Amino acid sequence: MTEMLAMIRTLGDQLRWASDLEVPRIEPAEDVLVAGMGGSGIAGDFGAALSWRSPGRVSVHKGYAPLPGWASRLRPTVLAFSYSGNTEETLDVAAAAASDGLSVVTATTGGRLAEMSADHGWPSITVPTGLQPRAAVGYLVGVVSRLLTAAGVVDDQRTALLEAADLVDQAATEGSETWVSASALASSMLGRISIIYGGGPISGTAAQRWKTQINENAKMPAWWSLLPELDHNELVGWETLPSLTRESVGVIALSDPSDHPRVRDRLEHSAALTEYAVPWLAEVRSVGESDLARLMTLTTCGDLVSWMLAEEAGVDPVPVETIEKLKKLLVKD
């Protein structure tokens with residue numbers, strides 16, 4: 001079960017690879033639409049988080065065609081990401097984008113998406129193979145950051161990629177502060193459904209990543225929510241079953257300096273108001289100067305927690321057998 005840990009520990013080198021990447025020339029764009037699913041699609045969410053200060057817009061499409069209605073008017077550049085190259089939803093969106101005459105750029109290890117790129121003459125980046133898609137997040141986030149720079153949506157991210165790489169390496173080292181914190185947190189989360197809260201573009205995107213990594217690596221249910229929105233609904237959801245939720249659920253809050261100051265106030269008050277019904281297990285704070293580095297340090301901590309949860313539960317974090325069974329059933333339909 002150390003195979004997943006070995007993959008996590010490649011994140012720094014993945015980011016360095018992206019910093020040295022020769023990016024194909026693409027036209028400037030005010031709107032970018034990233035299409036992808038699962039471990040590939042979350043690169044789009046990271047790209048949107050990195051662009052939150054930018055006047056350009058990065059949207060994420062997770063699903064089949066058609067493209068959103070605004071795409072026919074605003075003509076976004078479509079970034080189609082599929083690590084395997086065979087994700088049927090992404091292939092469907094790429095084909096629809098081509099039919100609509102939109103600019104398409106792809107990132108993949110091969111498969112049908114690489115074939116489509118060659119057939120249509122789309123700019124394409126070939127990503128190194130050999131990982132689970134979710135473990136290739138450094139490659140894919142690196143690629144999306146470089147492509148968004150090429151499109152003029154975000155500033156040059158190469159320095160940020162190198163900063164993130166060094167911090168990720170430090171965090172994934174056994175005995176590091178992040179490692180020790182992740183270990184304690186995993187122990188406290190074992191046997192509980194994990195609820196991950198974020199409060200802004202960086203911490204919220206990381207919360208989504210934590211949730212999906214706990215799902216796929218630890219094979220455990222988890223969900224994520226965002227402040228301040230959750231204070232308008234989820235906050236009262238703890239009232240009716242406190243004897244159940246106290247024993248079976250735990251909240252982890254992620255925070256980042258970019259979170260609005262009122263989110264800090266809401267976080268503290270929300271914890272105080274609900275601690276009778278659900279334990280707030282920890283707050284994890286980002287580390288780093290750049291948005292990308294802070295996002296990746298939160299991501300690395302979550303990846304370690306998910307692997308450690310799997311270890312403690314005696315679960316192999318690498319295979320996703322139920323997802324593979326679903327794919328085979330869909331082939332038969």
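Reply: What follows looks at the aromatic rings and then turns to the cavity. Please keep in mind throughout that this is a predicted model, and that the values below are computed from it.

The structure holds 4 aromatic pairs, and two of them are described here. One of these pairs is formed by tyrosine 197 and tryptophan 280, whose ring centres are 5.5 Å apart and whose planes are set at 65 degrees to each other, an arrangement that is classed as edge-to-face. That label applies because planes over 60 degrees apart count as edge-to-face. Since tyrosine 197 belongs to strand 6 (residues 193–198) while tryptophan 280 belongs to strand 9 (residues 280–285), the pair ties together parts that are 83 residues apart in sequence. The two partners can also be described by their accessibility: tyrosine 197 has 1% relative accessibility and so counts as buried, whereas tryptophan 280, at 23%, counts as partly exposed. The cut-off behind these words is that buried means under 20% relative accessible area.

Another pair is made by tryptophan 223 and tryptophan 238, and this one is stacked, with 6.4 Å from centre to centre and 20 degrees between the planes. Here tryptophan 223 sits in strand 7 (residues 222–226) and tryptophan 238 in the loop between strand 7 and helix 11 (242–248), so the pair ties together parts that are 15 residues apart in sequence.

Now to the cavity. A search of the whole structure finds 1 cavity of 30 Å³ or more, and the largest cavity has a volume of about 30 Å³. The residues that line the largest cavity are Met4, Met7, Ile8, Leu11, Arg134, Ala135, Val137, Arg209, Gln213 and Asp303. Helix 1 (3–8) and helix 10 (201–218) are the elements that give two or more residues to this lining, and helix 1 gives the most, with 3 residues. Sorted by class, the lining has 6 nonpolar, 1 polar and 3 charged residues.

Technical notes:
Residues are numbered from 1 along each chain as its sequence is written. This is a predicted model: local features need pLDDT of at least 70, side-chain atom pairs count only at pLDDT 80 or more; totals for chains, interfaces and linings use all residues. Side-chain values use heavy atoms; hydrogens and water are left out. On a 1 Å grid over the protein atoms alone, a cavity is a set of points where a 1.4 Å probe fits but cannot get out, and a pocket is an open set with protein on both sides within 12 Å along at least five of seven lines; lining residues have an atom within 4 Å of a point. Grid points are joined across faces, edges and corners, and a volume is the space filled by probe spheres set on the points. Helices (H or I, at least four residues) and strands (E, at least two) are DSSP runs, numbered from the N terminus. Ala, Val, Leu, Ile, Met, Phe, Trp, Tyr, Cys and Pro count as nonpolar, Asp, Glu, Lys and Arg as charged, and the others, Gly among them, as polar. Rings of Phe, Tyr and Trp (its six-membered ring) pair if their centres lie within 6.5 Å; planes under 30 degrees apart count as stacked, over 60 as edge-to-face and the rest as tilted. Buried means under 20% relative accessible area, exposed over 50%, partly exposed in between (1.4 Å probe, protein chains only).
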